[in-house]
Amino acid sequence: MGLKSRTVMVIGAGIAGIQASLDLAEMGLDVHLVEETPTIGGRMPQLDKTFPTNDCSMCILAPKMSECARHDNITIHINSQIDSVIGNPGDFTAKIIEKAKYVDPEKCVSCGLCEEKCPVKIDDEFDEGLRTRGAISRYFLQSIPAEYTIDEENCLYLTKGVCQLCEKVCPADAINYEDEDKKIELNVGAVIVSTGIDPFDPIGFGHFGYHKFENVVTSLDFERMLSASGPMGGHVVRASDKKEPKSIAFIQCVGSRDESIDHNYCSSACCMFAIKEATIAKEHIKDLSPSIFYMDIRAFGKDFDKYYEKAKDTYNVDFVKSKVSEITEENNGDLKLRYVLENGDVKFKTFDMVVLSIGLQPRKNVPKLADKLDIKLNEYGFIRSDKFNPLQTTRKGIYVCGTANEPKDIPESVISSSGAVAEALKYLRLDRQELEEKKNAVPQIDETGDRPRVGTFVCHCGINIAGVVDVKNVAEESAKLPNVEHSEDLMYACSQDCMNTIKKRIKEHNLNRVVVAACTPRTHEPLFRETISEAGLNPYLFEMANIRDQCSWAHMDEPEKATEKSKDLVNMGVAKARNITSLDRLPIEINPKSLVIGAGLAGMTTALSIAESGHEVFLIEKENELGGNMRKIFYNFGNDPQVKLQDMIKKISDNELIHLYKNTEISEISGYIGNFKTKIIDKDTNKDKFLEHGAVIVATGANEHKTKEYCYGESDRIITQVEFEKMLHEGAFPKQKLKNVVMIQCVGSREKERMYCSRVCCTKSIKNALTLKEKFPNVNIYVAYRDIRTYGFREKYYTQLRDKGAMFINYDVDNKPDVKIVDEFDPDSKVNVTVFDPIMDKEVEVEADLLVLAAAIDAPEENNDLAKMLKISLNTDGMFLEAHVKLRPVDFATEGIFVAGLAHHPKDMDETIAQSKAAASRAMTFLNKKAILAEGTIAEINTARCTGCGYCEEVCAYKAIEVDPEEEVAVINDALCKGCGACVASCRCGALDLRGFSNEQLFAAFDSLEMTDILINN
Amino acid sequence: MNKISEKGALIKKVSGYQTAILDFFQDLFEKNIFDAVMLPMKIPSGDSFAWIMIKDKKILNNAQPLAPIMPVNAAKALKRYTRKGKGTLKIAALMKPCEIRATVELTKLNQVNLDDVTLFSYDCVGAIPMQDYIADPKTGDEKFEKMLSENNLNHNDVKPVCKICDNFSLSATDLHFGFNADKLFLVTNSKKGENLLQKLDLKAETDLQKWQKAIDEKKKKRVKKREETFKTVKTKVEGFSKLTETFADCIGCHNCQSSCPICYCRQCYFDTSAAKPNSDVVLMRAKDRGATSLPLDRIMFHTGRMAHMSLSCVSCGLCSDACPVNIPVAKIFSYVAAQTQETFEYSAGASVGDALPMKEYKLNELGELGEMVKSAEAQEGEHE
């Protein structure tokens, strides 16, 4: 099949859509990112912090957003909707409607004057109605694109023909009331749907009083209240009397796990969301008493249980297992909760505030979109996909990721996005890319040996800077600085016309260094670097002085001092600029082959996915058979894992690009991204062999925990769930008729040595129990559990098993079930299980024919060796530690290495498949290039000064620096260095320097300050 | 792993501590336990001391284990022998507790190798300032011997940093000589130390409670004194103008850096041309401001050194001894070091096992800084 298309349409620009777009764009494909709202970013920008690391949500998302906006291969269509998608995979014709924005994005400078003057005030969607916005507005401060848009439904001029104030105040002449909807037709090879979710609207739940009682808010409202950039500046007060709440109740499962509203699924994220909000609120208000009213705490993700325990122990969050039936408001605005405990007791408690932990539901317009795309929805109204094809919709060539097909947390969304990209590649033409060549590149001027000729440009940023700082004066003063050949002030330095001015001045004055005094390099440095390179300067011949954040914002009440400080910052910028030089980015050649370690479900999926995209794979398996843990899984709610497994094994043996090494061990791995070298040993012959490859995928899996608890190993009637599944499959039950089967959950999980949830055991036990019920409908099943964690759509099976009469008994970790073999001398003796049942409020004793233990998932000890060989890290549980738990869940901090499956954390088969495809896709982002460029700003060493003390080696997170034992000096691997500067800071000898931030340059900047001059200053 | 014994082994003492300790090392030689001993010895001119590595038993007689001054920090001396890794000799080295601390820091930085070294320390009475001693060695010796015999830890004639030192006794050593009520006893502080005691057939039977109590009381006084001193230092260095004023006398000789045991660099960054601005920049600046003072790098040098060294500063006070213009460098460094080390919950030289602050990441570190950020954020919130 000759594939032609190199274009993909991604629908929905939340974190999932952004990740998918970036992956595709990095592979050299063209992306059309279609978004319904006026900005990309989705839900994440609304969040204050993200669990379990408490990272600021916007801080981790913003770089991805701006990367998305800047990428040559990504076209963003905001305010846009899908009209139709016709045709076949590989050759779809998509029609989209881009709604009129009424503001010319080429002209708009985002100064905000228009919104200030707009007489219309509407509840702001981004801040959940906690503040108002104008009819012309920017979705939020860091929205991308940054330009304003007019909301035609509310604009006075567009609806009633009056006003036009925005047009009058706009300094850039950007308002265009004549703007019209545009119809755009795209030819795309594949479509990825990442439309996300809507938060559940609790307005219909009258008994909770949302919108009726002022002090009842949703978890999303509360998130905006907590956010430092939110309408309350992070200072939480309740609406009724603007007082700080001293007690807050969080009510879980509002709109989740609720059959009465057809939401018989778990929203997966809200438990952690509430725990996070409770602890962050406690950090804001020290004497706060937060309580969480829950059915089960579902902290099933990586490091979630540790976070949960910390909330209990350190933050004293009160967890109340109960159901809240009603909330009433007292005269002073306090809220009285009526709730029912497990044993049926009805209790009342009064709180200052109530937060409803609202669930996730399909987006309102999903049925319409599904119709246009001709894809089907599932029973809950989410986009339908299946267990073994979790990213595939019902129409070929159209894929789904993020929360559009099942509620999930951010990392799973990111994983599914990269996974969907791997799927989409089936219908796309991938050409291996040459080293990136900029479009219309300008030949670079060589500045070496020339006297520095600095140009300084001071930005007004509308009134953002100029409202406080005397920008003209700063520009005039900077003209007097040594080597400054040109200086001027610009209204908006980042606007297109000002960029052109900068380029013109470079030519006119023969400038070879540029200093821009404006906002922050974090967002704008790449833009200016690109601008000066368009004028023939090396992009590193650029310096930025942040006179917005550090002067006009920080000292808004002291304009004179702010101006003086601005001058100092510009002075320092110029002093540093005089000392900067061109930097080269060295090319690193990429070997397109990859090494996949482990041939279980994860390794096989990754290997197939990479091979199907046309690259060779070495697949290494330590055992003689393929399949790993999957060999022991026989059931999956109507899907047959063994059929799937045999199918994959066949595909692997048929694929010429996959080189399979069974019964093989790895003894050595060296090298770096694009250039790894691995020594493998055949365990039979003991012969070794070297493989060369560009990427490594760690898919080494995990083991079932061998427990010593509950008399395991002392009787054939005490078995693990894995053993039980085999028994169910083979029919090898004990001889007598089964009457009572007891299951104990969390065996080894969620305790001291293993403070994590093994995630799959609840669902697995329920699955096995249902299978047993099918075979023996009259058998009694007792499940002793701590929290049932059937997240997402797995909830359905929990309901099914309860409906079939299984008894669920909640036990406490400090009062575990007691197990006794009835007759120790009888090898076939039954087993007595005693457990305290909180519902009946007494001990229950069961004579079990079978006791089935849900044993934890353990990280293999061999992980240690592999981690050392690959220079990657493990977490405290011995699982491989990804680069970032939220946004880089497949990558490692060391480039070129990825993780998939149980090696990362316990997970279900659909999640493993998604992550394995994601690993393939992440590897493809650079395997598809002939070479990549190393960073320009990397560390360098002056060996004459190095004492070889090794401090730098230990602080380097990327393993890019090592002490040569012979020479006793540190050696830097340019390809691995990320330029973070940690080694430079640690070096006491000043032997290390960061290119572009050298000691000399920084000293020059510091030294240029008049205050450092002892005599002159005093 | 440090293993502090609860009891000490009494050492035979006929006359003073000096002789008793010397006898002890003589005995070690007799028993062939060590190949060499590192001790201070008076130089022939009689006005200073040098560290010597003694292999010859006869020469050992001329050594003076407890020196009244500290011309070179023992850690620096030991570095010369072990910089290239463990040597061929088994060495016993006796030093002051601050020298032990410097040795520990240098060990962590791979500049000293302790594999074949057994460290001894002793209850330090402090050191006399170099300039005072050189001016009148005879009086210096007399004063020091008096301090030793009286075991007077609050003597006025010692260096300013010694007066505020609360780490003058048992440190991260293998064995420690305790002085109490005219008695001399040996306390073990490591497995190595214990083994040696066994080899020497010495029994740890002396109760240490009295000694420890005395030390603790002295420590308390020192801590109090230190707090007072730091208050004064603070007024001299807080704020940029005060800092420049205090260091205005600096002649840029960099003696403080070359005497510092922790400054282990091959070549100091501040001695290179990279740390000096271009001539045209200086001229341009002079033109711009009307004048510019030269040289420009004094403050950079001292703050730079603080940034590099304060986390490992052991307050040995050599820098002050070395300063020809009497800037209280040692007190200032000690003051800054106390704060930077507290920030990282680190104590320089306390134990070889403690990771250098930047080498490890603790989940809840920089608490105070975190609080500062939070309170700033809260204020900002109110402001808005």
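Let's start in chain B, with a hairpin. Strands β2(B) and β3(B) form it, with six residues between them. In the turn sits B:Gly46, and its phi is positive, about 85°. One caution before I go on: this is a predicted model.

β2(B) covers residues 36-42, and β3(B) covers residues 49-54. The two strands pair in the antiparallel sense, over six bridges. Look at B:Pro40. Opposite this proline, in β3(B), stands B:Trp51.

β2(B) has another partner, strand β4 of chain B, residues 91-95. Here the pairing is parallel, over three bridges. One pair to find on your screen: B:Ala36 has B:Ile91 in β4(B) as its bridge partner. And is β2(B) mostly covered or mostly open? Mostly covered: five of its seven residues are buried.

Further along chain B, find B:Asn110. This residue lies in the loop between α4 (97-108) and β5 (117-122). B:Asn110 counts as partly exposed, because it has 17 C-beta neighbours inside 10 Å.

Next, a helix in chain B: α15(B), residues 329-343. It has 15 residues. From first C-alpha to last it reaches 21 Å, close to the 21 Å expected at 1.5 Å a residue. Which residues of α15(B) are buried? The run is B:Val329, B:Ala330, B:Lys331, B:Ile332, B:Phe333, B:Ser334, B:Tyr335, B:Val336 and B:Ala337. What do these buried residues pack against? Against helices of chain B: α7 (160-163), α9 (209-237), α11 (255-259), α13 (298-309) and α14 (318-322). After the helix comes B:Glu345, with a positive phi near 50°.

Now over to chain A, and a pair of helices. Two packed helices are described by the angle between their axes and the distance between the axes. Our pair is α10(A), residues 410-424, and α22(A), residues 909-927. Their angle is about 65°, and their axes lie 7 Å apart. The crossing is left-handed. Who meets whom? From α10(A) the contact includes A:Ile415, A:Gly419 and A:Ala422. From α22(A) it includes A:Ala914, A:Ala918 and A:Arg922. By kind, the residues of this contact divide into six nonpolar, five polar and five charged.

Next, the sheet in chain A. Five strands form it, and the sheet is open. The order is β37-β44-β38-β39-β40, with parallel pairing. Which strands stand at the edges? They are β37 (718-720) and β40 (807-810). Each has a single partner strand, so one side of each is left without a neighbour in the sheet. From one strand to the next, the twist averages 20°.

β39(A), residues 780-785, runs parallel to β40(A), and four bridges join them. One of the pairs to look for: A:Ala784 with A:Ile809 in β40(A).

First, cis peptide bonds. One runs from A:Phe51 to A:Pro52, with omega near -5°. A:Pro52 sits in the loop between β3 (49-50) and β4 (55-56) of chain A. Another cis bond joins A:Ile144 and A:Pro145, with omega about 0°. A:Pro145 is in the loop between β10 (136-137) and β11 (149-150) of chain A.

Then A:Gln164. It is not a glycine, but its phi is positive, about 60°. Its place is the loop between α4 (156-160) and α5 (165-169) of chain A. Buried, exposed or partly exposed? A:Gln164 counts as partly exposed, because it has 13 C-beta neighbours inside 10 Å.

Last stop, A:Ala174. This residue lies in the loop between α5 and β12 (182-188) of chain A.

Notes
Residues numbered from 1 in each chain as written. Chains lettered and ligands numbered in written order. Predicted model: local features only at pLDDT ≥ 70, side-chain atom pairs only at ≥ 80, totals over all residues. Buried ≥ 20, exposed ≤ 12 C-beta atoms within 10 Å, placed from the backbone. Pairing = 2+ DSSP bridges. Axes fitted to C-alpha atoms, helices over the stretch in contact; angles between N-to-C directions. Left-handed = near helix turned anticlockwise from the far one by under 90°. Contact = placed C-beta atoms within 7 Å. Nonpolar A, V, L, I, M, F, W, Y, C, P; charged D, E, K, R; others polar. Expected span 1.5 Å × (residues − 1).
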